[in-house]
Amino acid sequence: MIKSYKLRRHIANAFVYLFLIVMGFVWISPFIYLLMHSFRGGAEIYGSTIIPQEWTLQNYIDLFTGSGGTASLNFPRWFLNTFVVACFSCVISTISVLMVSYAFSRLRFKARKKFMNVGMILGMFPGFMTMIAIYYLLKAMGLTQTLVALVICYSCGAGLGFQISKGFFDTIPRALDEAATIDGATKNQIFWKIILPMSKPIVVYTVLTSFIGPWTDFILAKIIMGDARDNYTVAIGLQLMIDQDFKNTYYKQFLAGSVVVAVPITLLFLKMQKYYVEGVTAGGVKG
Amino acid sequence: MTYVEYKQLNPFQRFAYNTKKFFCNIPHAVAHFFTALGKAIVKFFVGIGKGFANYGKTFVKGDWATKLSYLIFGVGDLSKGKYYKGILFFAVEVLYILYMAFFGWGYLKMFPTLGIQAQRTEYINGIIPKQVPGDNSMLILLYSVLTLVITVVVFAIYITNIKDAYRHQIMKANGQKPTSFKYDMKQFLDGKYHITLMSFPVLMIGIFNVLPLIFMILIAFTNYDKQHMPPGTLFTWIGFDNFGSLFNLVEGAKKGYTFIKLTEWTLIWAVAATFSNYILGMIFALMINKKGIKFKSLWRTLFVITIAVPQFVSLLLMNQMLQSNGAVNILLSNITNSHVEIQWLNQDATLARWVVIIINCWVGIPYTILSMSGILMNIPEDLYESARIDGAGPVKTFTAITLPYMLFVTTPQLITQFVGNINNFNVIYLLSNGNPTTEKYYQAGETDILVTWLFKLTMNSQDYGLAAAIGILVFVICATLSLIVYNNSKSMKDEEAFS
Amino acid sequence: MKKILAILLAGMMTATALVGCGGGDASSKTDNGSKADNGSSDGAAKIEGSIVDDSYFGDEGTDSKPVTLKVWAPDAAVSLVKEQVEAFKKAYPNRKFKEISVVAQGEKDAATNMLNDATTAADVFSFPSDQLNKLVDAGVISQVAFKDAVTEANDEGTVKAGTLNGTLYAYPETNDNGYYLVYDKSVVSDEQAQTLEGVLDACKKAGKKFIMNAGDGYYACTFAFTAGVKIDGLEKDGITQKFVKYDEDEAVKTLQAFAKLIKDYRGTFQSLDVANIASGFASGKCGAGIDGSWDTASNQKALGDNFGAAKLPTINVNGTDKQLISMFGYKYIGVNGSSKFPATAQILAHYLAGEECQLQRTEKLGWGPANKKVQENKAVTGSPVLKAIGEQAKNACIQVNVANTFWDPMANLGNKIIADTCDPSDAAAMKKLLNETISNVRDEG
């Protein structure tokens with residue numbers, strides 16, 4: 001009886017392993033394909049075989065030295081731009097989100113519920129409905145075609161993403177605050193000295209999501225930057241590479257560029273994964 | 001069912017009961033939503049009425065300084081020795097007047113017409129054409145909205161100023177001294193800490209979210225399109241015409257037809273995308289977390305890479321792989337040893353829709369795996385125990401316990417995902433770009449959802465007014481759905497459970 | 001005397017402009033009426049070729065008002081345009097130019113970018129003819145100042161297509177914006193390239209592909225045009241597409257012939273993005289394709305000596321060979337209506353679209369000129385590509401005044417004709433498809 005139960009479990013586990021192996025392969029095969037073809041040589045633009053027949057590093061060299069075409073495609077510059085924008089907007093966004101969610105979670109004030117509802121409602125409008133208006137506001141401030149504008153765009157709405165971190169703060173026992181208050185701590189001290197040190201997962205989660213944002217947006221950034229190619233981010237830059245005018249020359253460099261963008265983000269993400277999961281789990285249920 | 005009866009049920013039956021109650025409650029929740037909405041509106045107007053009553057009452061009871069505060073900001077505070085506040089109030093008034101005089105009023109007065117003087121051509125030396133700029137409808141609208149928002153804020157400050165003046169008057173009458181500057185500042189780190197925390201984010205959201213949103217909502221009531229484009233031409237108010245053309249169901253009215261069809265597909269898409277990710281993701285998570293399975297973090301990592309790689313890379317790659325000469329067809333050709341040339345995305349609407357939904361699983365399931373793993377571990381073991389005693393198999397256990405439990409616990413998350421999918425621009429735009437094309441729709445393809453249509457209308461055909469109207473309708477759909485479910489969801493009501 | 005003349009002229013032109021704005025229906029009449037306007041100004045100041053008299057600048061480009069301009073040019077042309085701008089500066093030695101920058105900007109999105117924000121867009125920009133309507137509707141493009149000189153120097157077709165409601169809005173730049181047949185000479189012989197049947201047959205025998213992007217309205221409209229369903233400008237409302245009268249039976253037969261041919265050569269005929277043509281030539285998988293002038297360089301690079309170019313082939317419809325009719329357009333240089341230096345912008349645009357600059361473009365970039373004199377140059381007559389484009393241009397519908405609603409139904413028509421499910425022998429279904437396509441193009445909803 002016991003033996004057959006064990007056997008059954010082994011068989012079940014074998015099926016699960018099989019399933020996971022197959023699915024795992026399905027999941028990463030596009031990226032293996034991308035990686036392989038970023039090293040593809042030869043004159044073909046699109047690969048006509050699954051595994052490239054010629055291998056070369058030329059795509060990467062061209063990407064960074066610009067020797068493959070006109071000087072207006074400057075990938076290293078775009079990479080740097082994106083990095084700078086991502087760093088700044090990540091700092092501002094993280095601070096805003098944590099401040100707002102702490103206030104909503106821990107402080108009780110008039111109109112708190114109303115603010116939360118308004119926040120939720122604002123999140124339901126399609127994002128790029130407001131693109132044109134944002135563009136002209138930035139223009140009135142003289143900021144269009146600058147990286148500052150991008151930082152503003154990526155961090156201004158951050159406060160609206162309070163749900164998950166508020167959910168996380170909600171799970172920290174209130175008794176801690178109360179004990180601290182009795183000891184004479186102000187709300188400010190409680191936030192910095194008690195709550196924040198306990199919130200590593202959600203801080204990492206917020207930092208991670210806001211850092212990745214600028215690497216992936218290609219719509220708002222394009223509208224703000226217009227023809228100022230020197231200020232492009234990698235996302236618009238790579239989009240430009242597969243534009244009709246460039247596809248023939250730059251497709252393989254586009255693949256290489258995609259790898260260059262994807263690898264650091266992926267590594268970062270995998271390293272921080274643990275916190276991401278904790279943050280999302282704790283915050284998600286309550287949020 | 002009474003409480004005692006409920007207590008006698010085993011956990012498994014309790015669960016079924018709760019789930020049933022949740023779903024039976026939906027019609028009630030809908031009704032509740034509308035009554036609550038009605039009540040809120042009534043409350044709002046009553047509030048305004050009360051505000052006016054207080055406004056009058058305070059004036060009657062106020063001393064000279066309070067009365068003067070009705071005209072000059074901050075006099076009340078200044079007269080009672082609260083200098084910094086009084087000066088701030090006064091500065092607001094001065095700045096507002098200057099703003100209105102030199103900037104705001106000029107635009108606001110053109111708000112009703114959105115400009116009358118169109119651009120015209122003059123000739124330098126009789127031959128070189130030169131455009132003399134006329135009114136710019138868009139800037140008029142944008143700055144009018146800005147001015148209106150500023151006016152509302154200043155009005156709120158004005159009311160605060162009066163209240164503050166009256167409060168200090170009462171305090172003085174009771175022999176109390178106004179609080180010191182230092183004390184007030186300290187309050188911002190403690191009792192009024194929420195103001196310190198919230199003001200910067202709220203300001204940013206106000207300028208870059210609320211203001212543009214009001215602007216775009218107003219755009220929906222104008223004829224801002226390719227034939228009415230500032231600075232070359234003017235646009236003006238047209239009332240509900242944009243909405244009218246979306247709801248025009250007369251045979252042959254293309255915009256109305258497109259709207260109905262796309263709404264239909266958007267909803268199908270949102271339901272399919274949300275639930276396929278949710279259920280499949282849960283199954284994946286269960287498998288990874290199954291007892292006796294090794295290398296859990298390796299499996300998770302394999303799936304999670306899709307989250308880390310930017311979507312414009314992964315989805316464009318997918319698009320390329322699904323072309324008729326792409327990797328998928330090459331692979332199929334190699335396997336079947338014949339020439340396979342399936343048009344996955346470009347020809348057959350049904351096929352393309354399936355492909356989009358399936359690829360979306362590839363994109364979305366990892367998110368579910370990440371967010372579910374923790375919660376799945378928290379399902380009370382006794383639920384499974386009692387199910388096993390009832391003789392339920394793994395499928396039955398999943399449909400009867402795991403799924404309802406998760407649905408119950410993660411409803412808010414599910415709603416967020418549903419709303420997210422209605423607005424899921426990236427997957428559609430990058431993967432299929434709305435293809436296959438169809439002649440029946442106005443500026444849209446078979447797999448376009450409302451938001452990608454909105455985007456195409458803005459970018460390709462400059463139908464800004466129509467696009468804004470669609471944006472509003474998308475919002476209405478999202479908001480109604482989520483409010484109903486939020487109101488109905490228990491986990492929302494339990495907000496204070498941990499406190 | 002000069003002044004009086006100038007004032008008179010200004011008055012006349014304003015009147016013309018007013019009439020022009022008043023209503024589209026008056027257009028043909030004002031066209032005749034306004035012929036005299038710019039012409040007589042030649043007496044006031046001289047225009048010699050692409051160089052005009054200094055007096056046209058007004059107060060621009062002087063010490064007190066130095067000029068800052070931005071020029072948009074497609075990537076391939078940026079370095080050449082930079083040289084041309086330098087030459088422009090030298091041609092006007094008495095003028096002060098603070099900066100004339102040349103910025104890369106794809107022509108495909110020129111109008112979209114102009115409409116997004118005209119005030120930060122370029123002062124002088126290059127765009128294809130189909131965007132003219134959009135630009136004029138939105139009022140962001142300035143009309144041409146040197147109309148007579150331009151009309152005289154350039155090809156009649158290019159001038160006509162740049163004219164809306166009797167006003168010329170842009171300086172013709174090229175006369176080559178279309179597609180033609182490119183083929184691998186080692187696969188398809190010059191003779192086989194004359195007929196679609198020949199091309200497909202040669203490709204099939206060599207085991208190679210023939211690529212045409214039939215799922216894109218821009219290429220797919222060839223089916224309709226060849227069938228006799230040609231476009232003829234817009235209706236009075238300015239948004240509805242007009243078609244010429246056509247013989248329905250004949251049109252249906254032609255479409256059936258296409259469908260049958262494609263069905264017969266299934267596997268050889270492939271509907272793919274045109275970027276696959278150069279790629280396919282390079283890998284030896286593609287034998288021929290229908291590709292645009294903008295891809296000429298990549299195709300030439302891929303094929304080397306085997307590069308062949310010809311006008312589109314013919315198709316046999318019930319025994320008669322019918323020439324494939326394509327969509328064909330021009331490229332123009334426009335002046336931004338919001339330019340702060342309208343006179344300099346006009347003079348620069350006039351210069352860049354002038355004979356010398358067009359010749360340079362032909363020689364260095366292989367672009368087909370709009371200028372009549374350059375068209376007779378050896379660089380044009382000796383180029384097989386430009387010859388092919390030139391011949392195809394005679395068998396084409398001009399891409400101007402094309403309705404917004406044109407492309408999707410045409411793409412759909414193409415998709416239906418090449419679909420597996422299409423039955424070439426079913427005339428009734430084809431007729432229905434054609435009629436639906438037409439009514440959907442014309443329906444603005």
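This is a predicted model: local features need pLDDT of at least 70, side-chain atom pairs count only at pLDDT 80 or more; totals for chains, interfaces and linings use all residues.
I'll start with chains A and B. On the A side, 97 residues are in contact with chain B, and on the B side 97 residues are in contact with chain A. The size of an interface is often given as the accessible area lost when the parts come together. For chain A and chain B that area is about 8,700 Å², with 80% of it on carbon and sulfur atoms.

In terms of secondary structure, helix α13 of chain A, residues 247-286, gives the largest share of the A side, 18 residues. By class, the side of chain A that touches chain B has 68 nonpolar residues, 20 polar and nine charged. How many salt bridges cross from chain A to chain B? The rule finds zero. It does find six residue pairs in polar contact across that interface, both residues of each pair being at pLDDT 80 or more.

Now chains B and C. Here 39 residues of chain B are in contact with 48 residues of chain C. The two chains bury about 3,700 Å² between them, and 50% of that is on carbon and sulfur atoms. On the B side, Tyr123(B), Ile127(B) and Glu439(B) supply 18% of the area that chain B buries against chain C, more than any other three residues.

The salt bridge count between chain B and chain C is zero. There are eight residue pairs in polar contact across this interface, again with both residues at pLDDT 80 or more. Three elements of chain B give two or more residues to the side that touches chain C: β1 (120-124), β2 (128-132) and α10 (254-288). Of these, β2(B) gives the most, with four residues. The class breakdown for the side of chain B that touches chain C is twelve nonpolar, 20 polar and seven charged residues.

Next, salt bridges. The structure holds 29 of them over all chains. I'll take one pair from each chain.

In chain A, the side chains of Asp177(A) and Arg106(A) meet in a salt bridge at 2.9 Å, N to O. Asp177(A) sits in helix α8, residues 174-182, and Arg106(A) in helix α3, residues 75-106, so the pair links distant parts of the chain, 71 residues apart. Are these two residues buried or exposed? Both Asp177(A) and Arg106(A) are buried.

In chain B, Asp164(B) and Lys85(B) form a salt bridge through their side chains, at 3.3 Å, N to O. Asp164(B) lies in helix α6 (residues 137-173) and Lys85(B) in helix α5 (residues 83-108), so this pair ties together parts that are 79 residues apart in sequence. Asp164(B) has a relative accessible area of 5%, so it counts as buried. There is a network here: salt bridges link Lys85(B), Asp164(B) and Arg167(B).

In chain C, Lys373(C) forms a salt bridge with Glu355(C), with the closest N and O atoms 3.9 Å apart. Lys373(C) is in helix α16 (residues 372-375) and Glu355(C) in helix α15 (residues 355-365), so the pair ties together parts 18 residues apart in sequence. Lys373(C) is exposed, at 57% relative accessible area. Glu355(C), at 33%, counts as partly exposed.

Staying in chain C, look at helix α18, residues 384-394. Its buried residues are Val385(C), Leu386(C), Ala388(C), Ile389(C) and Gln392(C).

Ser333(B) lies in helix α13, residues 327-336. Its relative accessible area is 16%, so Ser333(B) is buried. Leaving out residues up to four places away in sequence, Ser333(B) touches Ser338(B), His339(B) and Val340(B).

The other is Thr399(B), in helix α16 of chain B, residues 394-409. Thr399(B) counts as partly exposed, at 45% relative accessibility. A polar atom of the Thr399(B) side chain lies 3.2 Å from the backbone oxygen of Lys396(B).

Methods
Residues are numbered from 1 along each chain as its sequence is written. Chains are lettered from A and ligands numbered from 1 in the order in which they are written. Side-chain values use heavy atoms; hydrogens and water are left out. Buried means under 20% relative accessible area, exposed over 50%, partly exposed in between (1.4 Å probe, protein chains only). Contact means heavy atoms within 4.5 Å. Buried area is the accessible area (1.4 Å probe) that two parts lose on being put together, summed over both. A salt bridge is a side-chain nitrogen of Lys or Arg within 4 Å of a carboxyl oxygen of Asp or Glu. A polar contact is a pair of N or O atoms within 3.5 Å; within protein, one must be able to donate a hydrogen and the other to accept it, and residues adjacent in sequence count only if both atoms are side-chain atoms. Ala, Val, Leu, Ile, Met, Phe, Trp, Tyr, Cys and Pro count as nonpolar, Asp, Glu, Lys and Arg as charged, and the others, Gly among them, as polar.
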